[in-house]
Amino acid sequence: CAQAPWPRPFGPSRAWIENPRAYVAAMGGGNSIELFANAKSITVPGKRCVMSTALEDVTPPVTPRSVLDALVDWWKRPVEWETERVLKSVAVTHNGPHEFTVKVVHDGEKLDEHGFGRGDGTDRVRRWKRVKVDEDKNSIMWVDHVPEPTMGAWIDEATEAIGECLTLTILNDPQRVEIVAVTPEGDYLSDERFKAGMQDLLNPIIQEAQQRLHDVVTAVIGPALRHRGAQSVVVNSLDRHVYYDAFFEQYVAAQRDRLESIPNVILHEPKAGEFFAINPENSVAHIVKFDLSSGEITVRSEDEQRNDLGTTHYRVHSSPLVLEAWHVDHLGTRKAGPHLARVVQRDANQSIKKSNSWLRLIGLRRPCCAMRTLAAQ
């Protein structure tokens with residue numbers, strides 16, 4: 001639905017908003033589809049919609065099924081990484097074989113801490129949607145119970161009222177994405193503002209679909225390898241595709257690439273095995289430490305008062321070659337959820353690809369912290 005300006009810091013990054021194509025490229029993806037406002041609807045003749053360019057024009061290519069699968073997975077856990085720190089719950093209720101309801105709630109006390117709360121600890125329902133998939137028509141329909149433009153509603157004000165209804169269909173000849181949106185009053189949304197909101201939604205979906213079609217390894221959530229009773233995100237069978245040193249080097253580089261994509265980022269490398277970046281927009285610091293010999297990589301976030309905002313741990317096990325990851329929040333709670341799994345899978349596959357690139361094989365390498373650490377040893 002139509003998007004109002006996103007409050008900071010709990011919305012898409014400014015890099016994404018200002019230049020989504022460059023952001024996708026920086027994150028290892030290709031180009032995305034382009035959307036057009038006020039197009040003539042194919043599925044609802046006589047009405048206006050938002051229509052995309054052809055999927056065949058996307059590089060690398062995607063299939064309709066891969067796009068729909070990525071969108072369904074998103075709606076089963078529609079949580080941006082920036083909001084993980086204030087997340088209270090994600091509840092998914094299956095209403096049938098192809099229909100479910102998802103409700104995302106933000107913790108009121110944490111919102112108050114960050115200056116986005118009501119001041120009394122009241123939770124906020126960030127998203128509440130009923131989603132229905134029609135595989136025969138290559139479409140997904142969802143109904144908003146709380147409005148997206150206001151980033152949801154306070155939990156004591158949220159009701160299961162019928163809000164905007166959106167239907168995304170992938171058409172044939174040529175394959176295009178059509179989005180039809182109807183308000184409760186029966187008005188059709190298709191203007192530039194609505195189009196911009198849909199572009200923000202679909203760009204990462206297309207990137208996810210592109211990645212999945214070319215992935216050689218998969219991240220799964222399962223038992224931790226060394227911590228009994230805990231869970232981790234795990235990527236197995238890496239030794240079929242890459243060697244330890246090359247993979248570790250590129251995985252560290254992936255963390256640096258992510259930080260370098262922050263607009264006007266201030267990046268320092270005080271010593272071997274460590275670098276950090278400061279986001280000038282919110283003064284959050286991200287400190288990355290890594291050790292080739294142990295296979296450990298940590299990414300810790302701190303606010304401007306140096307309060308811990310959470311640490312993501314990665315461990316590359318050498319024999320067999322396995323990647324393990326988990327997150328520890330500011331309260332010390334260990335987590336390994338779907339969002340982390342998506343990030344780990346993307347970074348692992350990109351690291352494999354770059355490790356085996358012909359430039360690296362002939363000895364032309366990007367100057368990388370891991371390489372400088374190795375040289376120092």
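**Note on backbone, strands and helix packing**

1. Pro320 is found in the loop between strand E17 (308-318) and strand E18 (321-328). Helices (H or I, at least four residues) and strands (E, at least two) are DSSP runs, numbered from the N terminus. The peptide bond that joins Ser319 and Pro320 is cis, with omega about -5°.

2. The model is a predicted one: local features need pLDDT of at least 70, side-chain atom pairs count only at pLDDT 80 or more, and totals for chains, interfaces and linings use all residues. Residues are numbered from 1 along each chain as its sequence is written, and side-chain values use heavy atoms, with hydrogens and water left out.

3. A cis peptide bond also runs from Thr59 to Pro60, with omega near -5°. Pro60 lies in the loop between strand E2 (48-54) and helix H3 (64-76). Most peptide bonds are trans, and most residues other than glycine have a negative phi.

4. Asn38, which is not a glycine, has a positive phi of about 55°. Asn38 belongs to strand E1 (residues 35-40) and is partly exposed, at a relative accessible area of 41%. Here, buried means under 20% relative accessible area, exposed over 50%, and partly exposed in between (1.4 Å probe, protein chains only).

5. Met151 likewise has a positive phi, near 55°. Met151 sits in the loop between strand E6 (139-144) and strand E7 (153-154), and Met151 is buried, with a relative accessible area of 12%.

6. E17 pairs with strand E16 (residues 296-302) in the antiparallel sense over seven bridges; two strands pair if DSSP finds at least two bridges between them. Arg300 stands opposite Thr311 of E17. The hairpin of E16 and E17 has five residues between the strands, and Arg306 in this hairpin takes a positive phi near 65°.

7. E17 and E18 run antiparallel and are joined by eight bridges. Thr312 has His327 in E18 as its bridge partner. The hairpin that joins E17 to E18 passes through two residues.

8. Helix H5 (residues 192-214) packs against helix H7 (residues 338-355) at an angle of about 55°, with their axes 11 Å apart. That makes H5 oblique to H7. Axes are lines fitted to C-alpha atoms, for helices over the stretch in contact, and angles run from 0 to 180 degrees between N-to-C directions. Angles under 35 degrees count as roughly parallel, over 145 as roughly antiparallel, 65 to 115 as roughly perpendicular and the rest as oblique.

9. In the contact of these helices (heavy atoms within 4.5 Å), Gln207, Glu208 and Gln211 of H5 meet Arg342, Gln345 and Arg346 of H7. By class, this contact of H5 with H7 has no nonpolar, three polar and three charged residues. Ala, Val, Leu, Ile, Met, Phe, Trp, Tyr, Cys and Pro count as nonpolar, Asp, Glu, Lys and Arg as charged, and the others, Gly among them, as polar.

10. H3 and H5 pack at an angle of about 120°, with axes 8 Å apart, which makes H3 oblique to H5. The contact includes Trp74 and Trp75 of H3 and Leu201 and Ile205 of H5. Its residues divide into ten nonpolar, one polar and four charged.
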